[in-house]
Amino acid sequence: MDLFPYFKSVLDQDRAPVVLCGLDHTILYMNSAAGARYAKSGGMALVGTSLLNCHPPKANETIERVVEWFQADRTHDLIYTSRNDKENKDVYMVALRDGDGNLIGYYEKHEYRDRETMGLYEFAP
């Protein structure tokens, strides 16, 4: 059974931006929320380009250090990178690993802390 469409759909349905990168920092995938968030920087056209082109040198050094930390130990899978009080969210870098636990890339995860406003089981009209 090909699970790829299911995993892609999970990412596509996420309301938070998701940007997946390979170990060479190439942006491999962005969901539509990420495309909208980074529209001023090129949006979906960023897929296939280097994430390092989107950040200043100091941030790139930090990204490289995080990837090295991910590679150092298979238990190093998540690191907190920033807090945005204006948007009430925390941002993380998360390691992506293959079935053997080898690092194959990473992604940026946004976790919003706002209480949900949708009613329980509220079906759209």
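Residues are numbered from 1 along each chain as its sequence is written, and side-chain values use heavy atoms, with hydrogens and water left out. Because the model is predicted, local features need pLDDT of at least 70 and side-chain atom pairs count only at pLDDT 80 or more, while totals for chains, interfaces and linings use all residues.

## The overall fold

Let us start with the whole chain. It contains three helices and five strands (DSSP runs numbered from the N terminus, with H or I of at least four residues for helices and E of at least two for strands). Along the sequence they follow the pattern α-β-β-α-α-β-β-β. The C-alpha trace spans about 50 × 40 × 30 Å along its principal axes. Of the 125 residues in the chain, 31% are buried; here buried means under 20% relative accessible area, exposed means over 50%, and partly exposed lies in between, using a 1.4 Å probe and protein chains only. Among contacts (heavy atoms within 4.5 Å) between residues at least 6 apart in sequence, 35% join residues at least 24 apart.

## Helix H3

Helix H3 covers residues 57-72, which is 16 residues. From first C-alpha to last it reaches 23 Å, close to the 22 Å expected at 1.5 Å a residue (the expected span is 1.5 Å times one less than the number of residues).

Which residues of H3 are buried? They are Asn 60, Ile 63, Val 66, Val 67 and Phe 70. They cover an arc of only 120° around the axis, so they sit on the same side of H3; the arc is that of the directions from the helix axis to the C-beta atoms. The buried residues of H3 pack against strands S3 (78-84), S4 (89-97) and S5 (103-112).

## Two pockets

A pocket is an open set of points on a 1 Å grid over the protein atoms alone, where a 1.4 Å probe fits, with protein on both sides within 12 Å along at least five of seven lines; lining residues have an atom within 4 Å of a point. Its volume is the space filled by probe spheres set on the points, which are joined across faces, edges and corners.

| Largest | about 480 Å³ | Tyr 38, Leu 51, His 55, Ile 63 and Glu 108 |

The largest pocket is lined by 25 residues, and H3 is among the elements that give two or more of them. For the second largest pocket, S5 gives the most to the lining, with five residues.

## Two buried residues

His 76 lies in the loop between H3 and S3. Why does His 76 count as buried? The reason is its relative accessibility of 18%. Leaving out residues up to four places away in sequence, His 76 touches Trp 69, Phe 70, Ala 95 and Arg 97.

Lys 89 lies in strand S4 and is buried, with a relative accessible area of 1%. With the sequence neighbours up to four places away not counted, Lys 89 touches residues including Arg 37, Ser 82, His 110 and Tyr 112.
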